[in-house]
Amino acid sequence: MVRVDGEPSASSLVQVRGLDKRYRRGGEEIHVLQGLNLEVDQGDFVAFMGPSGSGKTTLLNLLGGLDLPSAGSITVAGDEITHMSRKKLTRWRARHVGFVFQAYNLIPVLTAYQNVELPLLLTHLSGSERRAHIETALQLVGLADRMHHYPRQLSGGQEQRVAIARAIVSDPTFLLCDEPTGDLDRRSADGIMNLIGQLVSEFHKTVLMVTHDPVVAQRADVLLHLDKGVLVESGPHMPLGAVS
Amino acid sequence: MKYAGLILANLLRRRTRLLLTLGSFAVALFLFGVLMVIRASFNQGLEVAGADRLIVINRVAIIQPLPLSYYQQIARIPGVTVVAFANWFGGVYQDERNFFPQMAIDVAHQRQTYPEFIIDNAEWQDFLKDREGAFAGAALAKRFGWKIGDRIPLRSSIYPGKWEFNLRGIYHGSRPQDDETQFWFQWDRLDEQLPPGRKGYVGWYVLRIADPADAVRIAKTIDDTFANSPWETTTETESAFAAGWIRQMGNIQFLILTIGSVVFFTLLLVTGNTMAIAVRERTAEWALLKAIGYPDAFVLALVLAESLSIAVVGGSLGLLMAKIFTLSGDPTRGLLPSFYLSPNSILIGMGLAFAVGFASGILPAAGAMRLRVVDALRRI
């Protein structure tokens, strides 16, 4: 269950309380997020929509521990990340967050296998254990037969699948997807959304996704709209609490 | 080692650029190696100088002689163990360009004075028996293709007359830096052929002393002994004497240092620029690595590892080429007393390559380390 009314829930995987983010640009202060509250449970699939500059990506960056808020707190699986040191936050990201970016962000000189292996190199897994994890992840995204291909030898959809395999290979607590279909045609985008849906339904993964595409957003269980840093309305098909 | 694949893949991503950067290091270190060989050659006298050897020359100039009668007086000074003497011959073999040092030596004490030269006993006996006999260094014999038994004619502007020698032996240095370009013949032969007024003079004395710490006292005693005589002396250690020769040739050290510094500074600029470009074009990758949990220090280490790998591989290649070049023979055909790249020079070269690799990589690496993921992602 996703709540945005600020009512605390002990069972929530992600708890966001009074989240504020301000930037200073050229002497002007920009209030990107304003006292945002959010509760996300394990296995939820949440989509954030909103116009450019509404704070979607900033929210995702804050949830992923890539940035720090100006005020408020974020707690994920019991860890309050807003007061962690940079070093601790890096370690926390490696353990808990799987990122999927619009531009795939694969390393072009590494094969699909090596790209998926990157998060695992930070663990204490042996070579054979890493191999087993990578093969499973690539099988799941349907690219077991492309594991030794370089990104340039793959289509856009396949590259994003490799990026998803990289995001899930270390079994993170949740996935953060920033416009995962933004660079793809409709057919490939459908394929990617089917895959993400499968991760949620079959593997009970928690997914928080930013998108501009209403068709893609409809695939989520919960649709939240951000406007000028405030969650202003919910998707019509979602049972939500009061908007904060 | 699990990151070796990542480092290698990154290095190989732009192969032409990698080859050019490796080439820059290789050429710079090759040049460094050759400069070190030349420097060592000029400093060869210093490097081979025996700590227990003193040189006695005429106080006016080395070209002025000293009487042979000084021999016994020097030999009697306490602390002196061996005394030898020699004359510079200054001959020409076939052509003025074929320069090599020729000396009329005191055969009775030569081997005790210079024990670092390896001399075959049988060859030495043949040399002693033949008044026209001569001994040549191995490098000199190789330079002119001489073999034992060859007849070697020399012309001398200092000692007129017909000078021909029979090559009776070839000596070798026991250390790589030992001078193997000298030509020796018997001092008696020289003296016999001189007119009466020029007989009985030597160019310099070389003496060995029991205790190197006693060098100053012995040198002073010798110079005091011959003070106010027609042939006053200057006595100094062999290394001081060699350093004096080097000074006469100009500031070779400074010249070599200047050339070397310019080469390495240029290399630093080239490599630094290459690394800066390589780091900048991978901004998205640094952002990704940091986002998925790689620490800042890892990014720093990764860039430095790439930079140092190029430096070490390119540097090793250059020094290897320099070593092969020196092993293939002296291109000056024996003008330099030694042509040898020492292990010490190789180590210094590797150290310099490492330092340039580090210096060129540290700024881009620090930039990549400081990069904030959100800023980098925004730029993509």
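Within chain A, confidence is lowest in strand β10 (residues 230-234), at a mean of 68, and highest in helix α3 (residues 112-117), at 95. Over residues 236-244 of chain A the pLDDT is below 50, and beyond near neighbours in sequence this stretch has 22 contacts in the model, two residues being in contact if their C-beta atoms, placed from the backbone, lie within 7 Å.

This is a predicted model, in which local features need pLDDT of at least 70 and side-chain atom pairs count only at pLDDT 80 or more, whereas totals for chains, interfaces and linings use all residues. Residues are numbered from 1 along each chain as its sequence is written, and chains are lettered from A and ligands numbered from 1 in the order in which they are written.

The secondary structure of chain B comes to 15 helices and 13 strands, where helices (H or I, at least four residues) and strands (E, at least two) are DSSP runs numbered from the N terminus. The radius of gyration of chain B, taken over C-alpha atoms, is 29 Å, well over the 21 Å that the globule rule (2.2 Å times the number of residues to the power 0.38) gives for 380 residues, so chain B is more spread out than a compact globule. Its C-alpha atoms fill a box of roughly 95 × 45 × 30 Å along the principal axes.

Helix α9 (residues 215-225) of chain B has B:A215, B:I218, B:A219 and B:I222 as its buried residues, buried meaning that 20 or more other C-beta atoms lie within 10 Å of a residue's own, and exposed that 12 or fewer do. Seen down the axis of α9(B), these buried residues fall within an arc of 100°, so they line one face of the helix. On the other side, B:V216, B:K220 and B:D224 are exposed.

Strand β5 (residues 102-105) of chain B pairs with two strands, as tabulated; pairing requires that DSSP finds at least two bridges.

| Strands | Sense | Bridges |
|---|---|---|
| β3(B) and β5(B) | antiparallel | three bridges |
| β5(B) and β10(B) | parallel | four bridges |

B:N87 has B:A104 in β5(B) as its bridge partner, while B:M103 stands opposite B:W184 in β10(B).

The contact between the chains takes 19 residues from chain A and 18 residues from chain B. Helix α2 (residues 86-96) of chain A gives the largest share of the chain A side, five residues.

Methods:
The arc is that of the directions from the helix axis to the C-beta atoms. pLDDT is the predictor's confidence in each residue, from 0 to 100.
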